[in-house]
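Please work through the exercises below with the sequence and the model side by side, and try each task before reading its solution.

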Amino acid sequence: MCSDTTIKDDWPGYSLDLFNYPAHYCGDLDCVIIPHGVIMDRTERLARNIMDDLGDHDIVVLCVLKGGYQFCADLVERIKALSRNSSHTIPMRVHFIRLRSYLNDQSTKDLHILGAEDLSFLAGKNVLIVEGIVGTGKTMETLLKHVQAFRPKMIKVAGLLVKRVQHSLACVPDYVGFEIPDRFVVGYALDYNEYFRDLNHICVISESGKKKYKV
Ligand code: HPA
Ligand code: MG
């Protein structure tokens, strides 16, 4: 039975030869793990689930930069489309915050939050936090605590990807695009030291790719 969006550990992915991708990344990737079209189709469905839950009240979307920008942009587009085609529409704001915790492929302890100093406009609103990937869940846990202090009506988290890590996640998103194996992935705005954001598909980085762009 196929009843969830879990990508199994033994899933080899698609060969890069089957898709178009920028030639400057030739040799830097192992496989395509989620093609761009599949991401878009899944995003459309998440938008519907989100509107069913949050569509009763003004929404503030909190986009977590940089890795969440593409998912957020596409998700907001889908939500707008639903809103356009419905007699029942709700105002939506989009706000950007920036978090940084990764160096190479490792999560570092210190988390920097930028653009989150005064979030008092969140009071009484339905807040949707949008993340590209939830790795350990610690980033999200810290952010949730920060946002809760501004007393929104409701907070939901949408994560395109959630990693299947050994320790249980500190925080699991309410809306998950795909659960993926614990491998370092790039593309669709997810980076490795700022590279690969200009790749449409979600791919697994190769060992030589890691070496090439190491800082
Ligand atoms: N790729 C890019 N950014 C990340 C990842 C990943 O696999 N995990 C946590 N941040
Ligand atoms: Mg990053």
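**Exercise 1: two packed helices**

The crossing of helix 1 and helix 2 is right-handed, where a crossing is right-handed if the near helix is turned clockwise from the far one by less than a right angle, and left-handed if anticlockwise. The model is predicted, so that local features need pLDDT of at least 70 and side-chain atom pairs count only at pLDDT 80 or more, while totals for chains, interfaces and linings use all residues. Residues are numbered from 1 along each chain as its sequence is written, chains are lettered from A and ligands numbered from 1 in the order in which they are written, and side-chain values use heavy atoms, with hydrogens and water left out.

Task: describe how helix 1 and helix 2 pack, at what angle and with their axes how far apart.

Solution. Two packed helices are described by the angle between their axes and the distance between the axes. Helices here are DSSP runs of H or I with at least four residues, strands are runs of E with at least two, and both are numbered from the N terminus. Helix 1 covers residues 36-54 and helix 2 covers residues 69-84; they pack at an angle of about 55°, with their axes 9 Å apart. That makes helix 1 oblique to helix 2, since angles under 35 degrees count as roughly parallel, over 145 as roughly antiparallel, 65 to 115 as roughly perpendicular and the rest as oblique. The axes are lines fitted to C-alpha atoms over the stretch in contact, and angles run from 0 to 180 degrees between N-to-C directions.

The next step is to list the residues that meet, contact being heavy atoms within 4.5 Å. Helix 1 contributes Met40, Thr43, Glu44, Leu46, Ala47, Arg48, Ile50 and Met51, and these meet Phe71, Asp74, Leu75, Arg78, Ile79 and Leu82 in helix 2. The residues of this contact of helix 1 with helix 2 divide into 9 nonpolar, 1 polar and 4 charged, with Ala, Val, Leu, Ile, Met, Phe, Trp, Tyr, Cys and Pro counted as nonpolar, Asp, Glu, Lys and Arg as charged, and the others, Gly among them, as polar.

**Exercise 2: length and burial of the helices**

Task: state how many residues helix 2 has and what it reaches from its first C-alpha to its last, and then which residues of helix 2 are buried.

Solution. Helix 2 has 16 residues and reaches 22 Å from its first C-alpha to its last, close to the 22 Å expected at 1.5 Å a residue; the expected span is 1.5 Å times one less than the number of residues. For helix 1, with 19 residues, the span should be 27 Å, and the end C-alpha atoms are 26 Å apart, which agrees. Buried means under 20% relative accessible area, exposed over 50%, and partly exposed in between, with a 1.4 Å probe and protein chains only. In helix 2 the buried residues are Phe71, Cys72, Asp74, Leu75, Val76, Ile79 and Ser83, and in helix 1 they are Ile39, Met40, Arg42, Thr43, Leu46, Ala47, Ile50, Met51 and Leu54.

**Exercise 3: backbone exceptions**

Task: find where the peptide bond is cis, and say whether arginine 151 is buried or exposed.

Solution. Most residues other than glycine have a negative phi, and most peptide bonds are trans. The bond from leucine 65 to lysine 66 is cis, with omega near -5°, and lysine 66 is placed in the loop between strand 2 (59-65) and helix 2. Arginine 151 is not a glycine, yet has a positive phi of about 55°; this residue lies in the loop between helix 3 (138-148) and strand 6 (154-163) and is exposed, with a relative accessible area of 67%. Tyrosine 188 likewise has a positive phi of about 55°, but counts as buried at 3% relative accessibility, in the loop between strand 8 (185-186) and strand 9 (202-205).

**Exercise 4: the surroundings of valine 127**

Task: say what valine 127 touches.

Solution. Valine 127 is in strand 5 (residues 126-134) and is buried, with a relative accessible area of 0%. Not counting residues up to four places away in sequence, valine 127 touches Leu54, Val60, Leu62, Leu122, Val147, Pro152, Met154, Ile155 and Lys156. The C-alpha atoms of valine 127 and isoleucine 155 are separated by 4.7 Å, although the two are 28 residues apart along the chain.
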